[in-house]
Amino acid sequence: MNILAPVRRDRVLTELPQYLRKEAALHVHKDFHPRVTCACQEHRTGTVGRFKISKVIVVGDLSVGKTCLINRFCKDTFDKNYKATIGVDFEMERFEVLGVPFSLQLWDTAGQERFKCIASTYYRGAQAIIIVFNLNDVASLEHTKQWLADALKENDPSSVLLFLVGSKKDLSHLTLAFPQTPAQYMLMEKDALKVAQEMKAEYWAVSSLTGLKLLPVSGENVREFFFRVTALTFEANVLAELEKSGSRRIGDVIRINSDDSNLYLTASKKKPMCCP
Ligand SMILES: Nc1nc2c(ncn2[C@@H]2O[C@H](COP(=O)(O)OP(=O)(O)OP(=O)(O)O)[C@@H](O)[C@H]2O)c(=O)[nH]1
Ligand SMILES: [Mg+2]
């Protein structure tokens with residue numbers, strides 16, 4: 001991928017995408033944190049937007065639809081044939097959030113037991129963890145806690161953002177293949193919301209399959225979900241940068257004179273106009 005290619009027009013975020021369910025959202029604010037908006041306006045986002053690439057890992061049982069979810073978002077494709085991911089794969093996605101360039105590296109990991117040990121070596125350094133389960137398979141929901149525990153062994157639980165995603169939402173409607181009644185679906189979702197709350201994860205329900213054949217619908221909630229992941233990861237990154245620059249502001253001569261001068265000089269010399 002050419003890192004210098006311009007950001008696609010449909011990857012530009014000017015406002016905070018909203019959560020799906022209020023009862024299992026990472027936060028329920030309507031807008032980005034005011035300090036983040038202000039920092040973006042004043043070009044004080046530090047390494048965010050310059051060198052930083054945020055890592056997002058996608059984990060969950062085999063065949064729950066992790067690869068299809070990533071492919072739907074990144075390539076707008078859907079393969080109905082199952083091809084197991086062997087080890088890991090990744091996609092880079094470039095965004096512009098509040099005028100600041102922001103890149104995500106989406107790591108697609110294998111759900112099959114025999115490839116798990118390879119995949120788990122790539123868990124480290126994630127800023128967000130997406131745990132996927134199949135909305136039509138209760139066992140896959142039960143296994144999400146173990147997937148989370150494994151992913152957290154390699155990451156800092158206090159700073160990583162968690163998302164619990166129910167996949168194959170299209171199959172949860174009454175079909176011949178999956179005769180799940182609306183009541184069963186509601187029960188499944190209730191359980192999933194409970195798990196999400198216990199994990200402190202944000203809950204989403206998606207389908208990577210194109211919806212109605214007559215409409216050019218690219219899955220259901222896929223774009224909304226990834227935009228939310230992007231926005232919340234960006235917000236957390238900028239807040240962390242601000243905290244870092246704030247704590248080093250006084251007497252940090254070395255940093256003021258280094259290449260990072262933009263971040264630290266503006267933070268110490270110029271009093272922010274709009275920061276609370
Ligand atoms: N109906 C429907 N089928 C889906 C959806 N997402 C994935 N599938 C199907 O589910 C199967 C598995 O999808 P994958 O994306 O390969 O699953 P995975 O989680 O990546 O599996 P591993 O790589 O083995 O961990 C494929 O046959 C897909 O076509 C969906 O949203 N709706
Ligand atoms: Mg896969």
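Helices (H or I, at least four residues) and strands (E, at least two) are DSSP runs, numbered from the N terminus.

Before going on, note that this is a predicted model, in which local features need pLDDT of at least 70 and side-chain atom pairs count only at pLDDT 80 or more, while totals for chains, interfaces and linings use all residues. Residues are numbered from 1 along each chain as written, chains are lettered from A and ligands numbered from 1 in the order written, and side-chain values use heavy atoms, without hydrogens and water.

**Whole protein**

Show everything as a cartoon. Of the 276 residues, 46% are buried, where buried means under 20% relative accessible area, exposed over 50%, and partly exposed in between (1.4 Å probe, protein chains only).

**The sheet**

Select the strands. Seven of them form an open sheet with mixed pairing, in the order β1-β3-β4-β2-β5-β6-β7. At the edges are β1 (12-13) and β7 (202-205), each pairing on one side only. Two strands pair if DSSP finds at least two bridges between them.

Now pick β2 (residues 53-60) and β5 (residues 128-134), which are joined by five bridges in the parallel sense. To see one bridge, select V58 and its partner in β5, I130.

**Helix α2**

Next, select residues 66-75, which make up α2. This helix lies across β2, β3, β4 (100-109), β5 and β6 (161-167), and runs at about 150 degrees to β4. The angle is taken between N-to-C directions, on a scale from 0 to 180 degrees, using axes fitted to C-alpha atoms (for helices, over the stretch in contact). Contact means heavy atoms within 4.5 Å.

Why is α2 described as largely enclosed by the rest of the structure? Because seven of its 10 residues are buried. Among them are L69, I70 and F73.

**The magnesium ion**

Finally, select ligand 2, the magnesium ion, together with T67 and T85. Its protein donors are the OG1 atoms of these two residues, 2.0 Å from the ion. Donors are N, O and S atoms within 2.8 Å of the metal (3.2 Å for Na, K and Ca); water is not among the atoms, so sites may look incomplete.

T67 sits in α2, whereas T85 is in the loop between α2 and β3 (88-97), 18 residues apart. T67 is partly exposed at 27% relative accessible area, while T85 counts as buried at 14%.
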